[in-house]
Amino acid sequence: STQSRSSAASDVYKRQVEGYNGMTARDIIALVRASAPEQAQWIKSQETAGKQRVTVLRAVDKRLDEDG
């Protein structure tokens, strides 16, 4: 199913961003700019559930709008 693939992709990406919680906003924004939409969405979910840094969330929204 699409949900299973999406969840699996998210799990794979999570492993690729080991140490996300220790990254600076600047590092994450650079990551967002180079990310696929699914990866940007994962970052958004992490930020929303965690530190909620406005600069990171704005960068994610901008990235998602580019593909929109």
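At what angle do H2 and helix H4 pack, and how far apart are their axes? In this predicted model, the angle between H2 and H4 (residues 54-67) is about 5°, and their axes lie 9 Å apart. Angles under 35 degrees count as roughly parallel. H2 and H4 are therefore roughly parallel to each other.

The contact joins Ala25, Ile28, Ile29, Val32 and Arg33 of H2 to Thr55, Val56, Ala59, Val60 and Arg63 of H4. By class, seven nonpolar, one polar and two charged residues make up this contact.

Leaving aside residues up to four places away in sequence, Ile29 touches Thr55, Val56 and Ala59. Ile29 and Val56 are 27 residues apart along the chain, yet 5.8 Å separates their C-alpha atoms.

Helix H3 was examined next. H3 comprises 13 residues, 37-49. At 1.5 Å a residue, H3 should span 18 Å. The C-alpha atoms at its ends are 18 Å apart, which agrees with that expectation. Ala40, Trp42, Ile43 and Glu47 are the buried residues of H3. Viewed down the axis of H3, these residues fall within an arc of 155°, so they line one face of the helix. Glu38 and Ala49, on the other side of H3, are exposed.

Key
Residues are numbered from 1 along each chain as its sequence is written. This is a predicted model: local features need pLDDT of at least 70, side-chain atom pairs count only at pLDDT 80 or more; totals for chains, interfaces and linings use all residues. Side-chain values use heavy atoms; hydrogens and water are left out. Helices (H or I, at least four residues) and strands (E, at least two) are DSSP runs, numbered from the N terminus. The expected span of a helix is 1.5 Å times one less than its number of residues. Buried means under 20% relative accessible area, exposed over 50%, partly exposed in between (1.4 Å probe, protein chains only). The arc is that of the directions from the helix axis to the C-beta atoms. Contact means heavy atoms within 4.5 Å. Axes are lines fitted to C-alpha atoms, for helices over the stretch in contact, and angles run from 0 to 180 degrees between N-to-C directions. Angles under 35 degrees count as roughly parallel, over 145 as roughly antiparallel, 65 to 115 as roughly perpendicular and the rest as oblique. Ala, Val, Leu, Ile, Met, Phe, Trp, Tyr, Cys and Pro count as nonpolar, Asp, Glu, Lys and Arg as charged, and the others, Gly among them, as polar.
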